[in-house]
Every structure is written in structure tokens, then in C-alpha cells.
Amino acid sequence: MPDDRQPGFGVYVHWPFCAAKCPYCDFNSHVRHQKIDEERFAAAFARELATMRARTGPREVTSIFLGGGTPSLMKPDTVGAVLETIAANWTVPDGIEVTLEANPSSVEASRFRGYRAAGINRVSLGVQALNNADLRFLGRLHDVDQALGAIRLARETFPRLSFDLIYARPNQTLDAWEKELDAAIGHAADHLSLYQLTIEEGTRFHALHAAGKFSVPDPDHAADLYRLTQEVTAARGLPAYEISNHARPGAESRHNLVYWRYGEYVGVGPGAHGRFIEDGKRIVTFTEKMPETWANLVEARGHGVIGGETLTRSEEADEFLLMGLRLTEGIDLARYEQLSGRPLSSRRIQTLQEENLVAPVGNSRLRATSTGMIVLDAVVADLAR
């Protein structure tokens, strides 16, 4: 489908279970050693989706994303049931992007064929590294051969494929990362997500890092790795369209663009967040994180939402800035003014331009420069004042 730059309306479904908890991960994921009652969770997804439909009203869905956790641990029948429920609640045009996250260690040919038959047309693989030592450090259950096998199988099965890598790992040199990235691009179909390793509070890595068990690159070296990433991907035809995401033109993640263009989305499942317009106001929802508690709530009252808020115009405008300036296409200045009730300060824009942190795009848009992307939080804070 052609990209009309419209924000869109997405549906996010969170499958919270993993085979193991990665030491860097702060997502809502849980390990269960007993068999998961997939029929129960599919029924709970259906009830919560129906509740969200009652809140959003009739809408046309522009993308669907099954994330986690590890959704590729679900049976294809479960995935199919979830997709059928979404289509029963909202209008789902043919050919929209429908993504499922998968780990190489849980990839099977029959399962992939089942997902494709159920309606998945894009897979996002959590590869994370292309050397076995770093895969072990990152707590991954697969090795490089399994990762490459999963990539090959995904390319054979699905029209579209993305995979993730984590860089700025301990002792990672520019030369080593350039070789690994070059190899990754050789295997990529049309999209790569390339994230710097960050030490998140509450993770095992946070405790190990605090105890001095390992160190990550200092900010200057991390910035050099980021710049190298931009140069190599651009030269190989997968330029950045967002800080951490790279694609051949036309292959950008439509679902993630919903977030970055400040569109609307519903989130269902344990720990899912949503942002959509209700009664003319943009509201935020978030659900219970513990899977079994979430399922109990849904069965009792039709949803697992335990909190949320209604955003003020100022809060909407700040979020729009924070999300939109992550994109190389930048933000629509008129939409910012519509959300906030005031234009961005021309004086602040000029100062940031003089510092080579932002740049105009024609007369109607503003983007962060490559230098500005490295210090984006500071740029956004300055513009939002």
C-alpha cells in the first residue's frame, strides 16, 4: 500500500510468555514451566478486543502487531483466532501489515506456514547478534546457525521480514560492528531494527552492571557506533527512517509508524498500552501486567485495564514532538500547532538550526539532524519549553 503519511489506527496484542527471560529485557514477559492455556488467553483477548471496540467505535485498522514476550510460542490456530476477532470488531482491509514477533529458537517451518495461512504477512525476528559469544552474553537461546536458518525460512514464507540486532555491546569495536552489520544487511530482506544496548532498571543486566561485572561503551564510543550504523546502512540501501530502524524505501514498519506519527492504537493483553480518541479526547490505557491476573480481570469484567489518563493539549503536543522527531521525515508543524494551540518558537528553532540539531523540510516540516538524533531528548525538551 502507498504511504500517505496518515497517522493511522493500529491494534497491538501482547503475548506475555517467553521460554527464558533475557537479562537486558524490561518488557512485560514471563516464563511459565507448565503448559499455557492458549484457549483461555485467546478467549480473553477476544473479550478485551470487544471492550476496546465499544470504546473506539467503528474504525479502519491500518496495521496489526502481535508482540511480546514471544508470540511465536503461540499455536497458529491461536494467532488465527486473534486475527479473526480483530476483523470482527473493526474494518480490516485486505493487504494491511500484520506482524508477528518471533525468536529463532522457537521457529519451525510448519509453524511459520501456519502463521502465514492465519494472515501474518510480516515477521520480526529477535536475532540480536551474529556471533555466538555475544548471543550467550545476551542470554539468547539460539546460536548463529539457528538465527540464519530462521531468517532463510522467514524469507521463504512471508512477504516481508525484519530482524533486530543489539549493538554497543561490551568491548565492541567499530571494525567488529561494521563487519557484523555488513553481514546482517546481506541476510536482510528489507528492514532492520538496530538498537544500542541500554541498561534498564529492574533487569539482571542492571544488577550485574552495577556490580562491575561488565561495562558498556562510553557515550563518545556509543555515538561513534551510532554514526557508523547510519553510514553503513545508508550506503547499502537500508537508510534510517527512524533513530533505530532502517528500511528499503517503501518497506518501513507501518505499525511502528502509527506510534511515531502519533496515530491511535488499542493495546490488549497483559501489560499492553493504548492511545486513542474517545469522546474527542486522547486517552491512555494500560492493563494488568501479570498474565493470570489479567485473564481473571477480563473474565470478570471484560477487560484488564487497571489505569490510564486523559491527556491535556500540552501533553499531546509534547508526545507528538518526542515521537515525531525520531523520524527522518520529521514533524508537521501545522499539526503541532493544532495539538498544542500554539506554534513552536521560531527563536528556539533558529537556535537549534544554528547548532545543527534541527533542519526545516520545506516550509511545513521540521526534522532532527543526524547530530540532533544523538541528543534528541535535549532537542525535544528545548523545543517544548
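**Close-up 1. Arg-335 and the backbone of Arg-261.** A polar atom in the side chain of Arg-335 sits 2.6 Å from the backbone oxygen of Arg-261. You'll find Arg-335 in helix α12, residues 333–340. Helices (H or I, at least four residues) and strands (E, at least two) are DSSP runs, numbered from the N terminus. With a relative accessible area of 18%, Arg-335 is buried. Here buried means under 20% relative accessible area, exposed means over 50%, and partly exposed is in between (1.4 Å probe, protein chains only). Leaving out residues up to four places away in sequence, Arg-335 touches Pro-7, Arg-261, Tyr-262, Arg-282 and Phe-320. Touching, or contact, means heavy atoms within 4.5 Å. Ala-317 is 18 residues from Arg-335 along the chain, and their C-alpha atoms are 8.9 Å apart.

**About the model.** What you're looking at is a predicted model, so local features need pLDDT of at least 70 and side-chain atom pairs count only at pLDDT 80 or more, while totals for chains, interfaces and linings use all residues. Residues are numbered from 1 along each chain as its sequence is written, and side-chain values use heavy atoms, with hydrogens and water left out.

**Close-up 2. Arg-365 reaching for Gly-330.** Arg-365 belongs to strand β17, residues 365–368. What does the side chain of Arg-365 reach? The backbone oxygen of Gly-330, at 2.9 Å. Arg-365 counts as buried, at 13% relative accessibility. If you skip neighbours within four places in sequence, the contacts of Arg-365 are Arg-5, Glu-329, Gly-330, Ile-331, Asp-332, Leu-333 and Pro-360.

Close-up 3. Arg-160 is part of strand β7, residues 160–167, and counts as buried at 18% relative accessibility. Not counting residues up to four places away in sequence, Arg-160 touches Glu-97, Asn-121, Arg-122, Val-123, Asp-190, Ala-251, Glu-252, Ser-253 and Arg-254. Ala-118 lies 42 residues from Arg-160 along the chain, with 15 Å between their C-alpha atoms.

**Close-up 4. Asn-256 in helix α9.** Find Asn-256 in helix α9, which covers residues 254–260. Is Asn-256 buried or exposed? It counts as buried, at 17% relative accessibility. From Asn-256 to Phe-163 is 93 residues in sequence, and 14 Å in space from C-alpha to C-alpha.

**Close-up 5. Helices α1 and α10 crossing.** Helix α1 (residues 38–56) packs against helix α10 (residues 291–301) at an angle of about 55°, with the axes 9 Å apart. That makes α1 oblique to α10. Axes are lines fitted to C-alpha atoms, for helices over the stretch in contact, and angles run from 0 to 180 degrees between N-to-C directions. Angles under 35 degrees count as roughly parallel, over 145 as roughly antiparallel, 65 to 115 as roughly perpendicular, and the rest as oblique. On the α1 side, residues in the contact include Phe-41, Ala-44 and Phe-45, and on the α10 side they include Trp-294, Ala-295 and Val-298. By class, the contact of α1 with α10 has eight nonpolar, one polar and six charged residues. Ala, Val, Leu, Ile, Met, Phe, Trp, Tyr, Cys and Pro count as nonpolar, Asp, Glu, Lys and Arg as charged, and the others, Gly among them, as polar.

**Close-up 6. Helices α13 and α15 side by side.** Helix α13 (residues 346–354) meets helix α15 (residues 376–384) at about 155°, and their axes are 9 Å apart. The two helices are therefore roughly antiparallel to each other. Arg-348, Ile-349 and Leu-352 of α13 meet Val-379, Asp-382 and Leu-383 of α15. Four of the residues in this contact are nonpolar, none are polar and two are charged.

Close-up 7. Gly-68 and Gly-69 are joined by a cis peptide bond, with omega about 20°. Gly-69 is in the loop between β4 (63–68) and α2 (76–89). The loop between β7 and α6 (174–187) holds Ala-168, a residue other than glycine with a positive phi, near 60°. Asn-171 is also found between β7 and α6, and its phi is near 65°. Ala-168 is buried, with a relative accessible area of 3%, whereas Asn-171 is exposed at 74%.

Notes:
Polar contact = N/O pair within 3.5 Å; in protein donor to acceptor, adjacent residues only side chain to side chain.
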